[in-house]
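Subject: Handing over the structure

Hello,

Here is the structure I promised to pass on to you.

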Amino acid sequence: MTLILPSCYLAPIPHYAAMLQQGGARIEQYDNYVKQTFRNRCIITGPNGPQTLTIPVEKPSTHKCLMRDLRISEHGNWRHLHWNALESSYGKSPFFEYYADDLRPFYTERRYPFLCEFNLQLTHTLLQLLDIEAEIELTDHYMQADLQQWAEPSMLRELPYPTYYQVFAQRNGFQSHLSILDLLFNMGPESVLVLMSNNYDCEA
């Protein structure tokens, strides 16, 4: 079975657990962009608790816009703000410095003008850092995502979630359903073991 997933920015842990479980996925790029989803936002946590990071996008010329056609907006210096937020939240985590050089170019360069392409390349990089062998590519026509609801923050909260070490857990308690970066920066090479500990019903 080929797993079909929605395009997401620094997707939450279940996405990567599913890709590991299935050996890869095709990322849907012909679905319509939906606001206030993980398509252009992620959730991290720091000393003051959870924080949402949102990539600004250019306003579509029509009411509906395919993900593949959605352009990233460079207004507001969002790349600098996102990287600063990541440094503030994870600078003292065990593995931030270990992975920072691989991720920093996404926030200092403007190589990918389209959101879907940016998300895809970031996903490829994260899979390499997680040491997960998975084939990831964009769809070449519309394919109903198996787990389309996984782009919805409210739906994701219903999924099981593994526990692991977090820098600020003693202060804020364990925070669940965060971006994959939270796991990577806190657990490093052991992240894949955490991902393997949870199986998801990819036919749901």
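The second largest pocket is lined by Arg79, Pro105, Phe106, Glu109, Arg110, Arg111, Tyr112, Phe118, Gln121, His124, Thr125 and Gln128. A pocket here is an open set of points on a 1 Å grid over the protein atoms alone, with protein on both sides within 12 Å along at least five of seven lines, and lining residues have an atom within 4 Å of a point. This is a predicted model, in which local features need pLDDT of at least 70 and side-chain atom pairs count only at pLDDT 80 or more, while totals for chains, interfaces and linings use all residues. Residues are numbered from 1 along each chain as its sequence is written, and side-chain values use heavy atoms, with hydrogens and water left out.

The space in that second largest pocket is about 150 Å³ (a volume is the space filled by probe spheres set on the points, with grid points joined across faces, edges and corners). Helix 5 gives the most to its lining, with 5 residues, and helix 4 (105–108) also supplies at least two. Helices are DSSP runs of H or I with at least four residues, strands are runs of E with at least two, and both are numbered from the N terminus. By class, the lining has 4 nonpolar, 4 polar and 4 charged residues (Ala, Val, Leu, Ile, Met, Phe, Trp, Tyr, Cys and Pro count as nonpolar, Asp, Glu, Lys and Arg as charged, and the others, Gly among them, as polar).

The largest pocket has a volume of about 250 Å³. Its lining includes Asn32, Tyr33, Glu58, His63 and Cys65, and by class it holds 5 nonpolar, 3 polar and 4 charged residues.

There is also 1 cavity of 30 Å³ or more (a cavity is a set of points where a 1.4 Å probe fits but cannot get out). Of its 13 lining residues, Pro6, Ser7, Cys8, Ile27 and Thr123 lie nearest the centre. The lining has 9 nonpolar, 4 polar and no charged residues, and its largest share, 4 residues, comes from helix 5.

Thr123 belongs to helix 5 (residues 115–129). With 10% relative accessibility, Thr123 counts as buried (under 20% relative accessible area; exposed is over 50% and partly exposed in between, with a 1.4 Å probe and protein chains only). The Thr123 side chain reaches the backbone oxygen of Asn119 at 2.8 Å. Leaving aside residues up to four places away in sequence, Thr123 touches Tyr16 and Met19 (contact means heavy atoms within 4.5 Å).

Now for the rings. The structure holds 13 aromatic pairs (rings of Phe, Tyr and Trp, the last by its six-membered ring, with centres within 6.5 Å; planes under 30 degrees apart count as stacked, over 60 as edge-to-face and the rest as tilted). Tyr90 and Phe185 have ring centres 5.3 Å apart and planes at 50 degrees, so this pair is tilted. It links Tyr90 in helix 2 (residues 78–90) with Phe185 in helix 8 (residues 180–187), 95 residues apart. Phe96 and Phe185 form an edge-to-face pair, 5.1 Å centre to centre with 65 degrees between the planes. Because Phe96 lies in helix 3 (residues 96–103) and Phe185 in helix 8, that pair ties together parts 89 residues apart in sequence. Phe96 is buried at 2% relative accessible area, and Phe185 is buried at 0%.

Best wishes

Key:
Polar contact = N/O pair within 3.5 Å; in protein donor to acceptor, adjacent residues only side chain to side chain.
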